[in-house]
Amino acid sequence: MPLRLCTDRVYRKAKKAGDGTVAAIAARTGIHESTLHRLAAGSQPPSLHTLWALRETYGMKLDSLVYEEPEQPDTDKSCAPDSADTPPSTAVASRARISASTGRRRTRIG
């Protein structure tokens, strides 16, 4: 299971410390702003270096900084044969809907 950064906890601690923006967090921790954005979006797992910097800066425990994102079951049916009674255009449209629904979730920084 992939690890994700608990951005809500980090941003709450950062705001209490006077760091209300991603730029302020980046300046205080030494973590690049783009890295913080990728972590919040879930497109990159946190490195130990990043977790350690956040821990040192905001006094957080390492285990409170991350959580395991449960793996989603494979719902992509694109490899399954088309049903004989389903018109090809409908089958393609339903596959597009399935793959669109399994896309990555984006998280906004609060």
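Guide: This is a predicted model. From the N terminus, the elements of the chain follow the order β-α-α-α-α-α-β-α, which amounts to six helices and two strands. Of the 110 residues, 27% count as buried.

Visitor: Why is Lys13 called partly exposed?

Guide: Lys13 has a relative accessibility of 35%. Buried needs under 20% and exposed needs over 50%, so Lys13, at 35%, counts as partly exposed. Lys13 is found in helix α1, residues 7-16.

Visitor: Which residues of α1 are buried, and what puts them on the same side of the helix?

Guide: The buried residues in α1 are Thr7, Val10, Tyr11 and Ala14. They cover an arc of only 95 degrees around the axis, and therefore lie on the same side of α1. In general, an α-helix has 3.6 residues a turn, so residues three or four places apart point the same way.

Visitor: What does the face of α1 turned away from the buried side carry?

Guide: That face carries Asp8, Arg12 and Lys16, which are exposed.

Visitor: Which residues make up the patch of positive charge on the surface?

Guide: Arg9, Arg12, Lys13 and Lys16 gather there. A patch takes residues with over 30% relative accessible area; Lys13, at 35%, is therefore above that cut-off.

Visitor: How many salt bridges does a search of the whole structure find?

Guide: The search finds two. One joins Arg28 to Asp19, and the other joins Glu56 to Arg55.

Visitor: What makes the contact of Arg28 with Asp19 a salt bridge?

Guide: The closest N and O atoms are 2.8 Å apart. The cut-off is 4 Å between a side-chain nitrogen of Lys or Arg and a carboxyl oxygen of Asp or Glu, so this pair qualifies as a salt bridge. Asp19 has a relative accessible area of 5%, and so is buried; Arg28, with 45%, is partly exposed.

Visitor: Why does the contact of Glu56 with Arg55 count as a salt bridge?

Guide: Here the closest N and O atoms are 3.0 Å apart, which is within 4 Å, so the pair counts. Arg55 is at 26% relative accessibility and counts as partly exposed.

Visitor: Is Leu62 buried or partly exposed?

Guide: Leu62 has a relative accessible area of 29%. Leu62 lies in helix α5, residues 62-65. Leu62 and Trp52 are ten residues apart in sequence, with their C-alpha atoms 7.4 Å apart in space.

How values were computed
Residues numbered from 1 in each chain as written. Predicted model: local features only at pLDDT ≥ 70, side-chain atom pairs only at ≥ 80, totals over all residues. Heavy atoms only, no water. Patch = residues over 30% accessible without salt bridge, like charges linked within 9 Å, V, L, I, M, F, W, Y side chains within 5 Å. Areas by Shrake-Rupley, 256 points an atom, 1.4 Å probe, with all protein chains shown as cover. Lys, Arg positive; Asp, Glu negative; His and termini not counted. Charge placed at Lys NZ, Arg CZ, Asp CG, Glu CD. Helix = DSSP H or I, 4+ residues; strand = E, 2+ residues; numbered from the N terminus. Buried < 20%, exposed > 50% of the residue type's maximum accessible area, 1.4 Å probe, protein only. Arc of directions from axis to C-beta.
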